[in-house]
Amino acid sequence: MHTTKLAFLVAASCSAVLMLSADVAVGAAATPAGEPFSKTCREGARAREVPIQFMEPFKVFDNLWHVGPCYVSVWLLTTPQGHILFDTAQEPFVDMVMANIRKTGVNLRDIKYIFVNHGHLDHAGGAARLQEFTGARVGAVAEDWTMIEELAGKPGGRDPDKKPNVVPKRDLVVKEGDKIDVGDQHLTMHNAPGHTPGVMFVEGIVLKDGANTYKGIWGGGGAGGEGLAGAQTGLVTANEINAIKGVQVYLQTHSWQEPNGYPGGGIHERAKLLATRKAGDPHPFVDPATWDARAKRQLETAQRVLAEERAKAGGAR
Ligand SMILES: [Zn+2]
């Protein structure tokens, strides 16, 4: 089998090893024809198989690595003064995340901050062990800290052994507008409630590709909480997201998320392009249209949901 430098090792067991390369689609034999690998990891018939989630780390920019499993991204942003980890995945993938970080050459103890996007297990489930092994500050929005704490002791959703969740100690409570500096990264934190009562976006990420730098943002979560109040909050969030302009790289929290901006795929399909990129080719993760489309869709959705909720409440007549 032909492989490239980008080796997506998709088997932890000895039974089968599938490699992703420029011309060999991962899981092609066992997934519906034409289904992007990014979707296979989340929605395909094999998405709940543990081995398919195992991945090697891959370098996306000079100062950014993808170190997570296939369905939920963990991003490692490096600076000479210490590093930042975005999201933590969950068991049984946390050992893999830590091994991937080491493979990039980063010492776990040099990670200064770990940000948890929101209080669902797929983002927060690795935070306790990563907090312990790195000594980093762990940040989440206050409402999400409460959700994270409520996960304690429940059986892990993807863990075949269903071991009870261990959660991190409440540490950094991230508030709207907070500024966090690490080395050459000057981050602005946003609280974008909707998908959960918290949800985080981090603005100000600078991504380096040779002589070029790009403006990046990380975050996720859609608009809309419960009822009229939730819809109103959703519109506030959507307007806030829309006010962030000039984003060239949207670091998504999941590979399968729409809009992914790349026809037929998400993070892993872009990674395939990156692996075969030649000098002078555009960087496949630099794609302002993806962020703009996301912001526009979120605003349209929030406006529609608010109109519906107002109509239900009788306020639209
Ligand atoms: Zn979630």
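Start at the zinc ion and select His-118, His-120 and His-195: they donate through NE2, ND1 and NE2 respectively, from 2.1 to 2.2 Å away. Donors here are N, O and S atoms within 2.8 Å of the metal (3.2 Å for Na, K and Ca), and water is not among the atoms, so sites may look incomplete. Along the chain, the donors are spaced H-x1-H-x74-H.

A word on what you're looking at: this is a predicted model, where local features need pLDDT of at least 70, side-chain atom pairs count only at pLDDT 80 or more, and totals for chains, interfaces and linings use all residues. Residues are numbered from 1 along each chain as its sequence is written, and side-chain values use heavy atoms, with hydrogens and water left out.

Is His-118 buried or exposed? His-118 is buried, because its relative accessible area is 3%, and buried means under 20% (exposed is over 50%, partly exposed in between; 1.4 Å probe, protein chains only). His-120, at 28%, is therefore partly exposed.

Next, select Phe-115. Together with Ile-101, Phe-115 has the most contacts inside the largest nonpolar core, which has 62 residues. Such a core is a set of buried Ala, Val, Leu, Ile, Met, Phe, Trp, Tyr and Cys residues joined through side-chain atoms within 4.5 Å. Helix α2 gives the most to this core, with 5 residues. Helices (H or I, at least four residues) and strands (E, at least two) are DSSP runs, numbered from the N terminus. Show what Phe-115 touches (contact is heavy atoms within 4.5 Å) and you'll find, among others, Phe-86, Leu-172, Met-200 and Trp-218. For a separate core, of 10 residues, pick Ala-192, Ile-244, Val-247 and Trp-291, which are among its members.

Now colour α2 (94-103) and α4 (127-134), which pack at about 35° with axes 10 Å apart. The axes are lines fitted to C-alpha atoms, for helices over the stretch in contact, and angles run from 0 to 180 degrees between N-to-C directions. On the α2 side, the contact includes Val-94, Met-98 and Ile-101; on the α4 side it has Arg-129, Leu-130 and Phe-133. Among the buried residues of α2 are Met-96 and Asn-100; β3, β4, β5 and α4 are included in the cover. Just past α2, click Gly-105, whose phi is positive, about 95°.

Last stop: Thr-78, in the loop between β3 and β4. Thr-78 touches Asp-62, Asn-63, His-83 and Val-106, leaving aside residues up to four places away in sequence.
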